[in-house]
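Let's walk through this structure together, starting with the order of its elements and ending at the place where two chains meet. Keep the viewer open as you read.

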2 protein chains.
Amino acid sequence: MKYCSACGAPVSRRIPSGDNRHRYVCDSCGTIHYENPRMVVGCLPEWHDKVLLCRRAIEPRYGLWTLPAGFMENGETTAEGALRETLEEAGARVEIVDLYSLINVPDIDQVYLLFRARLLDLDFAPGEESLEVALFDEHDLPWEQLAFRTVRKTLEHYFEDRRRGRFPLHFDDLDRRS
Amino acid sequence: MKYCSACGAPVSRRIPSGDNRHRYVCDSCGTIHYENPRMVVGCLPEWHDKVLLCRRAIEPRYGLWTLPAGFMENGETTAEGALRETLEEAGARVEIVDLYSLINVPDIDQVYLLFRARLLDLDFAPGEESLEVALFDEHDLPWEQLAFRTVRKTLEHYFEDRRRGRFPLHFDDLDRRS
């Protein structure tokens with residue numbers, strides 16, 4: 001951020017009075033531009049003993065596999081966002097079962113909210129952001145070609161929970177890498 | 001948003017190519033300025049049969065009672081944000097028990113994440129954004145002077161769950177008012 005979105009003047013990075021964090025503050029009109037973490041919402045679609053994954057057609061992690069998920073949009077709920085992303089990226093219709101995985105990724109200012117979901121039919125197809133969409137069981141899943149740590153963590157929980165026969169909500173914080 | 005934060009030129013509201021939503025797009029450098037929902041994180045601090053509330057010293061809802069909560073900041077986890085807000089607004093030290101309430105408020109692009117927490121001592125005191133901080137049981141709680149629907153909903157769940165002796169995570173979507 002270099003310019004104020006309210007007046008177009010340059011901003012500087014400083015601690016506003018009464019605050020204790022660095023913010024972008026307009027040197028001209030004084031507007032404080034707060035920045036906050038974003039939610040990534042998505043689904044873990046199940047079909048019998050398989051789960052649906054998408055191979056990414058965009059950066060970052062082009063060509064690697066992920067669960068259908070993306071940034072939550074204004075005006076929607078977390079579940080609506082998860083359904084939308086699943087339809088957009090995988091062309092897949094699902095019914096949400098439950099929130100399954102809440103993962104903090106403070107390094108990149110994201111919180112993942114992934115829902116366990118039941119795939120309603122097999123008429124899925126890659127959307128514009130996917131190269132391919134496919135079902136995998138635990139043993140043929142491309143574990144070495146997963147796009148994100150959050151997806152790996154969620155899939156690890158899932159197959160372990162499958163063996164136990166119960167699917168509690170999992171909370172994880174991904175380590176700060178610094 | 002009137003000006004591009006990257007280059008300072010005017011922005012217009014339109015659907016970028018390959019997208020299906022209106023965004024602020026820079027007329028000069030082409031930067032797309034996405035806007036996403038924010039998380040409000042906070043605690044429901046318990047002390048025996050009472051809960052801790054803060055009376056707001058700021059707008060909106062000046063003078064009304066709320067749970068200690070506020071916008072999650074970059075670089076923190078949801079629980080860290082909830083602890084920070086509880087310390088800032090109520091001067092209160094708590095130990096988090098569990099995530100208790102996840103409430104979508106799509107009208108205002110917010111998701112509330114409220115944790116049940118155990119108050120560690122009674123040395124609480126209002127921070128800069130609170131007029132007073134106090135403990136209430138169900139019957140003396142200022143039900144008619146609560147600041148937010150999310151807070152009312154969470155407190156209603158809480159006292160009902162107290163009678164049942166169990167505290168599952170609650171999911172709510174607040175109705176769109178339009």
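Reading from the N terminus, the elements of chain A follow the order β-β-β-β-β-β-β-α-β-β-β-α-β. That amounts to 2 helices and 11 strands, where helices (H or I, at least four residues) and strands (E, at least two) are DSSP runs, numbered from the N terminus. A word on conventions: this is a predicted model, in which local features need pLDDT of at least 70 and side-chain atom pairs count only at pLDDT 80 or more, while totals for chains, interfaces and linings use all residues. Residues are numbered from 1 along each chain as its sequence is written, chains are lettered from A and ligands numbered from 1 in the order in which they are written, and side-chain values use heavy atoms, with hydrogens and water left out.

Now for the overall picture of chain A. Its C-alpha atoms fill a box of roughly 60 × 30 × 30 Å along the principal axes. Of its 178 residues, 49% count as buried (under 20% relative accessible area; exposed is over 50%, partly exposed in between, with a 1.4 Å probe and protein chains only). Take the contacts (heavy atoms within 4.5 Å) between residues at least 6 apart in sequence: 59% of them in chain A join residues at least 24 apart.

Next, the strands. Strands of a sheet pair through backbone hydrogen bonds, either parallel or antiparallel; here, two strands pair if DSSP finds at least two bridges between them. In chain A, 3 strands form an open antiparallel sheet in the order β1-β2-β3. Each of β1 (11–14) and β3 (32–33) of chain A has a single partner strand and stands at an edge, so one side of each is left without a neighbour in the sheet. Between β1(A) and β2(A) (residues 23–26) there are 4 bridges, with the strands running antiparallel, and A:Arg13 has A:Tyr24 as its bridge partner.

Further along, β8(A) (residues 94–105) pairs with β9(A) (residues 110–119) in the antiparallel sense over 10 bridges. Here A:Val94 stands opposite A:Leu119. The hairpin has 4 residues between its strands, and A:Asp109 takes a positive phi near 55°.

Is A:Glu85 buried or exposed? This residue of helix α1(A) (residues 78–90) is buried, with a relative accessible area of 6%. Its contacts beyond four places in sequence include A:Val41, A:Pro68 and A:Phe71. The side chain of A:Glu85 also makes a polar contact with that of A:Arg84 at 3.0 Å; such a contact is a pair of N or O atoms within 3.5 Å, where within protein one must be able to donate a hydrogen and the other to accept it, and residues adjacent in sequence count only if both atoms are side-chain atoms.

Finally, the interface: 41 residues of chain B are in contact with 41 residues of chain A. The buried area is about 3,400 Å², 49% of it from carbon and sulfur atoms (accessible area, 1.4 Å probe, that two parts lose on being put together, summed over both). There are 8 salt bridges between the chains, each a side-chain nitrogen of Lys or Arg within 4 Å of a carboxyl oxygen of Asp or Glu. One of them joins A:Arg23 and B:Glu73 at 2.6 Å, N to O.
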